[in-house]
Amino acid sequence: MAAKREKIHFASVEELLGAPTTTGEGTVEIKVDQIFPFENHPFKVRDDDKMDDLVESIKNNGVLTPVLVRPDDEGNYEMISGHRRLHAAKRAGLIVIPAIIKPMTNDEATIAMVDANCQREEILPSERAYSLKMKMDAMRRQGMRSDLTSDHNGPKLTSREVGEVYGISQTQVKRYVRLTELLPELLSYVDIKRIGLVTAVTISYFDKQVQRWIYEYIKETGFVRPEQIDALKACENLENMTQNTVVMTMNEAIKPKTSGKVSLSERKLNKYFGTHVSGSERERIIIGLLEEWVKYDTIFIEIFVLKLCQRYFRGWILVYIILYFQCSKCFKCSKLTESVFLYNRFDSIVL
């Protein structure tokens, strides 16, 4: 019996012209070099461990979920959903990728792109910020709810509706949108958790030059604290301050503050006074002892130093000379003999 011949496939005109090939159920195969990223796509495609896993999966099983694209005016396609799959397919060496082609307006495409990507498990604050802003702008242009009032956290326009879709509060939506007013360098610090979300929102209201100085401060010191930003927020005419003044204000905000208040428990004081001594009498005695301590503290220290000289240098003559010249200054004495008397009182000190 003659061997069965393999069928030879001849490329169709559509294939030769780069037109998509239908694979059934509305899915077609499109050449990967005909698909271009969505304009101003806010989601980053990273070559990390997860991407390596996706590449390996595509090598073994192909692209299981079609990407979503829309046709452009030049015969190519703009990616709506599937940027990571497309990147992985290219790394895996695929020439074509399964896709669903859906004509959309710019605003429809923006909303679909954001909805598809915001369902990902891990989204950076910068990605969420720009994607939510893009969607809200598109919804506004479409004529949806237009409560145009705004507050400290950003515009109220559709923030509640958008938050409900992604499971976050209206306040959180407005805070994320506000992050788009940050310098890119500061926003990157939010991504790596060097700046907290609420603190970053406050910074977003500062002049861009002040933001630049804050970035330089963080770059140099490695940190910024909420109380430092609150201190800047409380400044009048912050936009007219110099960089040195801004830095000084931030440094002053984190200096340790003492209340000047010392508390002594009654139990501890009873050990020295007994329960019969009144509070005012205790205070009088403590203040008197502190005054004496301040008066003689310097004397005791210098005499101790003199004892060290005697012990290690045997410099008796030098010791008495020093005592003589220090007499009127520190010991409140007018005679050498009185200074020597004070010195000898500490003769029992063991060195």
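Select Arg-128 and Tyr-176 to begin: Arg-128 lies over the face of Tyr-176, at 5.8 Å from the ring centre. Keep in mind throughout that this is a predicted model.

Next, select Arg-178 and Tyr-205. Here the charged end of Arg-178 sits over the ring of Tyr-205, and the distance to the ring centre is 3.7 Å.

**Aromatic pairs**

How many aromatic pairs does the structure have? The count is two. To see one of them, select Tyr-217 and Phe-223, which are arranged edge-to-face. Their centres are 6.2 Å apart, and there are 75 degrees between the planes. Now colour the two residues by accessibility. Tyr-217 has a relative accessible area of 7%, so Tyr-217 is buried. Phe-223 is partly exposed because its relative accessible area is 27%.

**Salt bridges**

The structure holds 14 salt bridges.

Select Lys-50 and Glu-122. Their side chains meet in a salt bridge, with 3.0 Å from N to O. Lys-50 belongs to helix α2 (residues 49–61), while Glu-122 is in the loop between α4 (106–117) and α5 (125–141), so the bridge ties together parts that are 72 residues apart in sequence. Is Lys-50 buried or exposed, or something in between? Lys-50 is partly exposed, because its relative accessible area is 43%.

Move on to Glu-185 and Arg-212, whose side chains form a salt bridge at 3.4 Å, N to O. This pair also links distant parts of the chain: Glu-185 is in helix α8 (residues 184–191) and Arg-212 in helix α10 (residues 208–221), 27 residues apart. Glu-185 has a relative accessible area of 26% and is therefore partly exposed. Arg-212, with a relative accessible area of 27%, is partly exposed.

Then select Lys-255 and Glu-252. The salt bridge between these side chains is 3.0 Å, N to O. Lys-255 is partly exposed, with a relative accessible area of 46%. Glu-252 is partly exposed as well, at 44%.

For the last stop in this group, select Asp-47, Asp-52 and Arg-91 together. What links these residues? They are joined in a network of salt bridges.

Show the surface and select Ile-287, Leu-290, Trp-293 and Val-294. Together, these residues make a nonpolar surface patch of about 420 Å². Leu-290 has a relative accessible area of 46%, so Leu-290 counts as partly exposed.

**Cysteines**

To finish, turn to the cysteines. A disulfide is a covalent bond between the sulfur atoms of two cysteines. How many disulfides does a search of the whole structure find? The search finds zero. Two cysteines can still be visited for their accessibility. Select Cys-118: at 6% relative accessibility, Cys-118 counts as buried, because the limit for buried is under 20%. Then select Cys-235, which has 24% relative accessibility and so counts as partly exposed.

Methods
Residues numbered from 1 in each chain as written. Predicted model: local features only at pLDDT ≥ 70, side-chain atom pairs only at ≥ 80, totals over all residues. Heavy atoms only, no water. Disulfide = S-S within 2.5 Å. Buried < 20%, exposed > 50% of the residue type's maximum accessible area, 1.4 Å probe, protein only. Patch = residues over 30% accessible without salt bridge, like charges linked within 9 Å, V, L, I, M, F, W, Y side chains within 5 Å. Areas by Shrake-Rupley, 256 points an atom, 1.4 Å probe, with all protein chains shown as cover. Salt bridge = Lys/Arg side-chain N within 4 Å of Asp/Glu carboxyl O. Phe/Tyr/Trp six-rings, centres within 6.5 Å; stacked < 30°, edge-to-face > 60°. Lys NZ or Arg CZ within 6 Å of the ring centre and 35° of its normal. Helix = DSSP H or I, 4+ residues; strand = E, 2+ residues; numbered from the N terminus.
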